[in-house]
Amino acid sequence: MESIKKKYRSLLVVLSTILFLTTISYSCKDDFTTDSQYRLTLSVDTLKLDTILTQTISSTNIVKVYNQTEEDIKVASILFESEKGYFQINVNGKAGRSFSDVKIASGDSLYIFVQIMASELGQNAPLLIEDKIKFIYNGNTQQVVLSAYGQDAYHIRNTLHIDQNTVWNNDKPYLVYDSIIVDSVATWTIQHGARIFMHKKATILVNGTMKVEGVLGDEVLFRTHRTDRYSSKIAYDQMANQWKGIHIGSSSQKNEIHFANIMGGAFGIEIDSSEINDDYRLILANSTIMNMESSCLKAHHAKILAYNTIFANGENGSVVLSCGDYQFDHCTIATYKRGMGFYSKALTLSNKGLAEFKEELNLPMKAHFNNCIIYGNSGTQSEILFMQPKEKEVSQMDYMFDHCLLLDKLTEEELNDSTHYNMTIINEKPNFVSTDYENLQYDFHLAEDSPCKEKGDLGQVLKKSYLQTDREGVVRNVEAAPDLGALQIVITEEGENEEESK
């Protein structure tokens, strides 16, 4: 073994010497072409970087410079066209704004790493920032245009305690590095169109009241601060576990979230146990909670009204409800990206508490689902998990699926149990437009041939004014019946022509 190590060390010394001599030889070489006909090849003419929030640094982008000629080329200057200083580059391991006598051998290439770091712009609207990297050699000038939008933001760098009624407006985004804690005496109101970008460990803890006032077309956004891509097909804002989530504490009451997109956290919304009274602890309306490492919505001993909302791809349960009073109208609950957690179904209903509780409870549970879709990609498996105490005869589990589409293993006897199921479609595909879980591309609109078409209970829409339009403001069909789920089918002009030709 020792002789092998000695041979290896000797070989390493030889290779290192050869590499050193080669480097010295090349660095001393001075027969670079001066003929302007030999030109470099650039990987891009224009490099468009992601929108950057000021006082932050962007992800790294790459410009490749190829020498595909038969001659070695020395680039006299690599430099920026302007002196604005927003962009910065790294060439051959060195950062700077200008470089001289950069050598590229025949058949070799050069990597230039590009970032942008913008200071405050002094305006609320995004500003287009542009510059050029110029390559000057042998009478030639080539360039790569650099382009990005900069956006001033409110920077919340340390834990923010909201201890009085506070309004966040929508003039600039908010960049949250740590935590936001809403004290029990305070109401935190977020205006429509506000954008809240969260760092990896950023958490929102609501002990008071949270009012999200999004409107159609000007939703409130909660997502990761990262605007770059994980791969050519997947952006970081499509991925789970990019920030923490929204935690509603036991003292919190009368929360309302309207027209919000809550994306890519460790969890979406978690609600602690509290006394149940006439008021909803949370009204969740016309929103999307999607791509969470844990659950999109997890609640214990709470009272919740949710409508026109999409809960999708909670890797440990898209919706987990325990011991409380819950009503879901025209919601889409789906799981296509699942982890290995206990709640691996689209929906969990429990009146024995949550799996993480050490002691088994037996508390009342009421959960009614009207005109909803509950589905996933578990094949022939059920997407609904029931958790009940061992003594089921004393268990209080009041659940109803009224005019819903379910992926569930039900016997004929169970399906005919009118106390739990009414006009329910079992084990038919809803035909969502896109569920590409490998590339995290989802579109939960329904195809025109969906079995959910006109299968809803019209009475729900007629008696509840908030259901007369869907998640996107499309008017529901009151001449026949509404479609199931959060999104009404919109017949395209092409589809109308097909219908007329039948």
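Guide: A residue is buried when its relative accessible area is under 20%, exposed when that area is over 50%, and partly exposed in between. This model is predicted.

Visitor: Is Glu 256 buried, partly exposed or exposed?
Guide: Buried residues have a relative accessible area under 20%, and exposed ones have over 50%. Glu 256 has 26%, so Glu 256 falls into the class between them: partly exposed.

Visitor: Which residue forms a salt bridge with Glu 256, and which strand holds that residue?
Guide: Glu 256 has its salt bridge with Lys 211, where the closest N and O atoms are 3.6 Å apart. The two residues belong to distant parts of the chain, 45 residues apart, with Glu 256 in strand β23 (residues 255–258). Lys 211 is partly exposed, at a relative accessible area of 22%. The partner is therefore Lys 211, and because that residue is within residues 209–213, its strand is β20.

Visitor: How many salt bridges does the structure hold?
Guide: Side chains of opposite charge can pair when their charged atoms come close. A pair counts here when a side-chain nitrogen of Lys or Arg is within 4 Å of a carboxyl oxygen of Asp or Glu. The number of salt bridges in the structure is seven.

Visitor: How many residues apart in sequence are the parts that Asp 329 and Lys 464 tie together?
Guide: Asp 329 and Lys 464 form a salt bridge, with 3.1 Å between the closest N and O atoms. Asp 329 is in strand β32 (residues 325–329), whereas Lys 464 is in the loop between α3 (458–463) and α4 (493–501), so the pair ties together parts of the sequence at a separation of 135 residues.

Visitor: In the pair of Arg 338 and Glu 383, which residue is buried?
Guide: Arg 338 forms a salt bridge with Glu 383, the closest N and O atoms being 2.7 Å apart. Arg 338 is in the loop between β33 (332–335) and β34 (347–350), and Glu 383 is in the loop between β36 (373–376) and β37 (384–387). Arg 338 has 29% relative accessibility, so Arg 338 counts as partly exposed.

Visitor: Which strands stand at the edges of the open sheet of nine strands?
Guide: The open sheet has parallel pairing and the order β13-β16-β19-β22-β25-β28-β31-β34-β37. An edge strand has a single partner strand, so one side of it is left without a neighbour in the sheet; the strands in that position are β13 (160–162) and β37.

Visitor: Which residue in β25 is the bridge partner of Ile 248?
Guide: Strands of a sheet pair through backbone hydrogen bonds, either parallel or antiparallel. Strand β22 (residues 246–248) runs parallel to strand β25 (residues 269–271), and three bridges join them. In β25, the partner of Ile 248 is Ile 271.

Visitor: Which residue in β35 does Phe 328 stand opposite?
Guide: Phe 328 is in β32, where it stands opposite Ala 306 of strand β29 (residues 303–307), which pairs with β32 in the parallel sense over five bridges. β32 also pairs with strand β35 (residues 365–370), again parallel and over five bridges. In β35, the residue opposite Phe 328 is Phe 369.

Visitor: What is the volume of the largest pocket?
Guide: The lining of the largest pocket divides into seven nonpolar, eight polar and three charged residues. Both β3 (52–53) and β18 (195–198) supply at least two residues of that lining. The volume of this pocket is about 320 Å³.

Visitor: How many charged residues are in the lining of the second largest pocket?
Guide: The second largest pocket has a volume of about 260 Å³. Twelve residues line this pocket, and among those closest to its centre are Phe 386, Tyr 399 and Glu 414. By class, the lining has four nonpolar and two polar residues, and the number of charged ones is six.

Technical notes. Residues are numbered from 1 along each chain as its sequence is written. This is a predicted model: local features need pLDDT of at least 70, side-chain atom pairs count only at pLDDT 80 or more; totals for chains, interfaces and linings use all residues. Side-chain values use heavy atoms; hydrogens and water are left out. Helices (H or I, at least four residues) and strands (E, at least two) are DSSP runs, numbered from the N terminus. Buried means under 20% relative accessible area, exposed over 50%, partly exposed in between (1.4 Å probe, protein chains only). Two strands pair if DSSP finds at least two bridges between them. On a 1 Å grid over the protein atoms alone, a cavity is a set of points where a 1.4 Å probe fits but cannot get out, and a pocket is an open set with protein on both sides within 12 Å along at least five of seven lines; lining residues have an atom within 4 Å of a point. Grid points are joined across faces, edges and corners, and a volume is the space filled by probe spheres set on the points. Ala, Val, Leu, Ile, Met, Phe, Trp, Tyr, Cys and Pro count as nonpolar, Asp, Glu, Lys and Arg as charged, and the others, Gly among them, as polar.
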